[in-house]
Each structure stands twice: as C-alpha cells, then as structure tokens.
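Dear colleague,

Here is the structure I promised to pass on to you. Please open it beside this email, and then read on for what was found in it.

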Amino acid sequence: MPKHYLLYGSERYALAILRPLQQAIRARGDETAWFFDGPGAEDLVEGERLLSVQEVRQWKPIAVVTPGNHLPHFFPGIKVEVFHGFNAGKPKHIYIRGFFDLYCTTGPRDTRPFGALAQKLGHFAVTETGWPKLDPFMHEIAGALPPVRTPPVILYHSTFSPSWSAAETLYEEVKRLSRDGRWRWIVSFHPKMEPATVAKYKALQNEYLSFAENDNILELFPQVDMMCSDTSSALSEFLLTGKPVVTFKNRAPGPQLIDIHEAAQFEPAIERALSRPPDLMQAIKDFGEAIHPYRDGRSSERVLAAIDAFIAAGGRNRKRKPRNWWRKFRLRKRIGYWGPA
C-alpha cells in the first residue's frame with residue numbers, strides 16, 4: 001500500500017523546496033498531498049493535490065515535511081523540517097521551536113550545532129541529508145565552472161529586513177553602474193521586500209538591467225557570473241555554483257565573500273570578483289563543502305531514507321516535545337481548527 005507524505009507550506013517558496021521531494025516520493029510509488037496556510041496553494045499545478053485539515057487527518061500521512069519553523073501539531077505523522085535556506089548569520093536559523101521530531105540538515109556546518117542540541121534536549125533527532133531544493137540545480141551546475149561572459153552578468157539580490165538590506169544604500173551605485181553597458185544586471189528581491197524599494201529598482205530597467213520576479217531564484221544562477229547581496233540566505237546557495245559574491249555589511253563575513261562597508265567600495269569589489277582571484281575561489285569551494293557537500297542531486301532520497309529510519313526505530317525520541325501551548329494556540333487560530341490533536 002502506498003505511503004502518504006504531506007508537504008506543508010506557509011510561504012510560496014515551499015514549492016521550490018519540496019517539489020524535488022515530491023518527485024522522489026512519487027518515484028518510489030508513494031503519494032503526496034499539500035497543505036498551505038499561506039501563499040502558495042494558488043500555484044499548485046494539475047496533479048498536485050491540496051487537502052483541507054479534515055482531509056489531512058483522514059488521509060493519515062506517515063510524515064509531514066516543511067521548510068518552515070512550525071507546522072500543525074494536530075496532523076498525523078512524524079514532523080520533519082528540511083529548512084527554507086542556509087544559515088546567513090541570522091540568529092533564528094538555529095532555533096528549536098519544539099514542533100519537530102526530525103531535522104534534516106544540509107551539511108556539516110548545521111549538523112554540528114543541531115546535533116549538539118539534540119543530545120542536550122532529547123526531543124528531536126538530526127540526520128544530515130542535503131537540501132531537496134538543490135537536487136535539480138546540482139544537475140544543472142555539474143561540470144567545470146564556465147568562464148565569465150562578455151559582457152559579464154551580475155545578479156543583484158537583497159533580503160527584505162531593513163536592518164540587513166543594502167538595497168536602499170546601494171541604489172545610486174546600481175543605478176550608475178547599470179547605465180554604461182560595461183556589465184549587465186539582473187535584479188531579484190526577497191518576496192517580502194518593501195514595495196517602494198521594488199518600485200524604485202523596477203524603474204531602473206533598461207537594455208542593461210532587468211528585474212526578475214522568479215519564485216525560485218536558483219533559476220537565475222546559471223544566467224550570471226557573480227552575485228551582489230547583503231545578508232541573504234540565497235548567497236550561500238549561489239556560492240555552491242563556485243562563483244563569487246560581493247556583500248554589503250554581511251552579518252557573518254568570511255573569506256568566501258568580498259564584504260564591503262561603503263558604497264564607494266562597490267565597483268572595485270565587483271571588479272575583483274569578476275577577476276576570480278585564486279584565494280577567493282578556493283575559499284568559496286571550502287565553504288560549499290561545509291554547507292552542502294552533496295553534489296549528486298539525491299538529497300530528497302536521503303530525506304526519505306532518514307524518515308524511514310526514524311519510523312523503523314520506533315518513531316519517537318527519548319524525550320517528549322515541549323507542550324508549546326502558546327505557539328499551538330496561535331497556529332490553531334491561524335488555521336481555524338479547534339478539534340482534537
């Protein structure tokens with residue numbers, strides 16, 4: 001009898017993260033369905049099944065998988081987090097909400113701290129699997145790093161948090177540099193970016209700058225030679241291509257980044273990135289091995305294997321999850337469900 005897996009999202013980005021997992025589940029002859037309590041349901045396609053709360057409870061999934069940091073505790077099945085991005089230096093990345101039985105981490109850099117917390121707290125397990133979102137991407141970037149284009153193409157991406165975003169600070173520089181034709185630009189922002197900032201950058205569009213509204217930013221990576229950003233988890237995804245990133249006041253700078261603190265440093269930093277200095281390129285490679293060493297495009301299969309192993313071992317951890325009354329109340333209110341757990 002086919003196993004049932006529920007894919008849960010509260011943001012549209014869940015689709016890009018969980019669809020490779022859906023493909024792997026179906027390849028095994030098992031079944032998937034979706035539940036959304038936020039944007040995303042309207043983007044499901046033919047063959048992707050959307051369930052109500054009551055339908056989920058009747059369908060009885062063996063696992064509920066989400067990239068978010070919460071999920072309905074009253075759904076059947078073990079609760080699994082696969083993360084919505086890499087740690088970009090934001091403190092809430094390694095933050096235990098008390099909703100999950102199993103965390104599927106992306107690489108050694110995350111496995112170590114989550115594993116230590118699992119040993120300490122005892123109410124969740126950790127298995128390193130890689131990130132399902134990257135499965136198709138890993139096939140796309142296989143092989144040698146391509147040479148820089150003529151003219152080079154730059155992806156400018158910024159997070160939405162005003163305290164971390166450089167979009168306003170670097171606006172005049174992007175405006176200036178996108179008018180002389182020396183470089184071509186693609187601008188892409190986080191979906192929650194301030195609408196006024198989005199409008200300003202859209203107004204810059206010309207033959208050298210375009211504004212992209214792709215739900216999955218990975219689609220843009222093969223089209224460009226480097227990225228400019230700030231403190232966005234997307235820059236870690238980009239570094240897996242082996243291409244350089246220039247950041248502005250990054251919260252966790254390291255040798256894998258060219259980090260600047262003044263707008264006047266922006267242009268020379270881009271020039272250095274496009275020259276691909278050997279020390280920078282080696283640091284990028286080392287960073288990629290730490291956050292996501294898996295290049296086979298089979299992280300989804302490893303997530304399913306981790307779920308199988310957890311269930312085969314009894315489907316329980318050595319301690320019960322926290323009661324979490326307040327968070328559970330807020331989630332029930334959000335979804336509008338007051339029935340039994």
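Before we come to single residues, one term is needed: two strands count as paired if DSSP finds at least two bridges between them. Please also keep in mind that this is a predicted model.

With that in hand, look at strand 10 (residues 226-229) and strand 11, which run parallel and are joined by three bridges. Within this pair, Met227 has Val245 of strand 11 as its bridge partner. In a regular strand the side chains alternate between the two faces of the sheet. Strand 11 (residues 245-248) is covered on both faces, with Val245 and Thr247 buried on one side and Val246 and Phe248 buried on the other.

Turning to the whole protein chain, you will find 11 helices and 12 strands in its secondary structure. Its radius of gyration is 21 Å, close to the 20 Å that the globule rule gives for 341 residues, and the chain is therefore as compact as a globular protein of that length. The C-alpha trace spans about 60 × 40 × 35 Å along its principal axes.

How much of the chain is buried? Of its 341 residues, 53% count as buried, while the chain exposes about 15600 Å², of which carbon and sulfur atoms supply 52%. Among the contacts with a separation of 6 or more, 65% are between residues 24 or more positions apart.

Key:
Residues are numbered from 1 along each chain as its sequence is written. This is a predicted model: local features need pLDDT of at least 70, side-chain atom pairs count only at pLDDT 80 or more; totals for chains, interfaces and linings use all residues. Side-chain values use heavy atoms; hydrogens and water are left out. Helices (H or I, at least four residues) and strands (E, at least two) are DSSP runs, numbered from the N terminus. The radius of gyration is taken over C-alpha atoms; the globule rule is 2.2 Å times the number of residues to the power 0.38. Buried means under 20% relative accessible area, exposed over 50%, partly exposed in between (1.4 Å probe, protein chains only). Contact means heavy atoms within 4.5 Å. Accessible areas come from the Shrake-Rupley method with a 1.4 Å probe; for residues, only the protein chains shown count as cover.
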